[in-house]
Amino acid sequence: MAEIAAAALARVPCRAQVGLHAPLVHVEVSVADGLPAFFIVGLPATVVKESKERVRAALINSGFHFPNGRITVSLAPADVPKAGGRFDLPIALGILIASRQIDPGDGRRRMTQEFYGELGLSGELRPVPGLILAAAHASRCGHELIVPRASASEAVMAALTPVRAADHLLDVCRHLEGKKPLDALTPLVRDDLSSKEGSLLDLTDIRGQNHAKYALVIAAAGGHSLLLIGPPGSGKSMLAQRLPGILPPLSKSEALEVASIASASSSGFDATQFGRRPFRSPHHSASDAALVGGGAQAKPGEVSLAHHGVLFLDELPEFGRRVLEALREPLEAGVVSVSRAARQTQYPAGFQLIAAMNPCPCGRLGDPSEECRCSPAEIQRYRAKISGPLLDRIDMHVEMPRVDLSEFDDVADRG
């Protein structure tokens, strides 16, 4: 709960996001006499520094007075990096409390509240990413959350404490002053997520390839990695896409872990996908940082986004040699450490690898219907793109010949 620590000082709790952690951040605001100035300190990213203009416009357009003195905002602890627009709402509330434009009472409540939200120029609250991580960490401390309504569905998935949704800065101010309390949303409690698996692709869609389907079932049962080798059109991709449909449903803890990793990624988490096993299929032009994680912000890569799910690498030899070699450690350890000069983050990478490749550069080797014109040297160079140590980590190698048209005769007869 926001509270006044001195005549012109306010403190509003929020959380940053660092990898899969959400450390508590106290947004401390001081309003003092002096020449007009607005400073934000505490390792803020550029988007946090730009919140000064969003907060200023939001306060004025919501009918409040923007203080003319010296405003200092400290995001404590100072050594934790802060990024995103989630700090807009805590900063605005801190200014209003410190300048005594709203009175939150004595600030002593049993349930601590944390505030999140990006402010529009008119004061409306816009969604922010990563709230499922913040909600999970806040619940462990027994804290309530005040979030934008557009982000509430994500927050309630992990929250065990009340989550309150607001549409506008004024709604939060009325709640703090006790004039119009925000209603608490119902926490999402779902231990059985089997209904999420109902719309997945099914093995019954595939005609023929009984040997490959049997191998896929064995891979699903034992958590084995699988390499499918066959000419174009033999059904390699079609078969791989159906692996999530024969895997058991995610538990609630597994679903939250998958959602947390997605929430920490650049694309964020889609609440409609909660409870689904991830199926990731990156293009063969992906870099090693895209596959295992990295970048300036040390974001999770495809191997972590496929945690508790399937990573499908089509056209395996077309991936860069460095990219493929980067898979060796995650396949062995089930985790990946992303190290950068400023930080080191560890992400889980318990994925099931399904890879597909042609038997030769032209793809016709062993195909009775078409002749292969690749030389033995070309075939050797093509297959040598995949190193022996990586092949050793792929448990099952399955040849998939092209399906004979006779497999579809009974389908045509029924039509």
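Modeller: Let's start with the aromatic pairs, where the count comes to three. Rings of Phe, Tyr and Trp (its six-membered ring) pair if their centres lie within 6.5 Å; planes under 30 degrees apart are stacked, over 60 edge-to-face, and the rest tilted.

Biologist: What makes the pair of Phe269 and Phe274 edge-to-face?

Modeller: Their ring centres are 6.5 Å apart and their planes stand at 85 degrees, so this pair is edge-to-face. Before we go on, please note that this is a predicted model, in which local features need pLDDT of at least 70 and side-chain atom pairs count only at pLDDT 80 or more, while totals for chains, interfaces and linings use all residues. Residues are numbered from 1 along each chain as its sequence is written, and side-chain values use heavy atoms, leaving out hydrogens and water.

Biologist: Why does Phe269 count as buried?

Modeller: Buried means under 20% relative accessible area, exposed over 50%, and partly exposed in between (1.4 Å probe, protein chains only). Phe269 has 16% relative accessibility, so Phe269 counts as buried. Phe274 has 2%, so the label is buried there too.

Biologist: How do you know that Leu119 is buried?

Modeller: Its relative accessible area is 1%, so Leu119 is buried. Leu119 sits in strand β7, residues 118-119. Helices (H or I, at least four residues) and strands (E, at least two) are DSSP runs, numbered from the N terminus.

Biologist: Which residues does Leu119 touch, not counting those up to four places away in sequence?

Modeller: Contact means heavy atoms within 4.5 Å. Among the residues that Leu119 touches are Arg54, Val55, Leu89 and Leu169. Leu89 is 30 residues apart from Leu119 along the chain, yet their C-alpha atoms are separated by 6.4 Å.

Biologist: What makes Gln352 a buried residue?

Modeller: The relative accessible area of Gln352 is 8%, so Gln352 is buried. This residue lies in strand β19, residues 352-357. A polar atom of the Gln352 side chain is 2.9 Å from the backbone oxygen of His224. His224 is also among the residues that Gln352 touches, as are Leu243 and Val310.

Biologist: Which phi values are positive in residues other than glycine, taking Arg100 and His308?

Modeller: Phi is near 60 degrees for Arg100 and near 65 degrees for His308. Most residues other than glycine have a negative phi, and most peptide bonds are trans. Arg100 lies in the loop between α3 and β6 (113-115), and His308 in the loop between α11 (302-305) and β16 (310-313).

Biologist: Why is Arg100 called exposed, and why is His308 called buried?

Modeller: Arg100 has a relative accessible area of 60%, so Arg100 is exposed. His308 has 18% relative accessibility, so His308 counts as buried.

Biologist: Where is the cis peptide bond that has omega near 5 degrees?

Modeller: That bond runs from Ala76 to Pro77. Pro77 is placed in the loop between β5 (70-76) and α3 (88-98).

Biologist: And the whole protein: how many helices and strands does its secondary structure have?

Modeller: The secondary structure comes to 16 helices and 20 strands. Along its principal axes, the C-alpha trace spans about 85 × 45 × 35 Å. Of the 415 residues, 49% are buried. Among contacts with a separation of 6 or more, residues 24 or more positions apart account for 74%.

How values were computed: A polar contact is a pair of N or O atoms within 3.5 Å; within protein, one must be able to donate a hydrogen and the other to accept it, and residues adjacent in sequence count only if both atoms are side-chain atoms.
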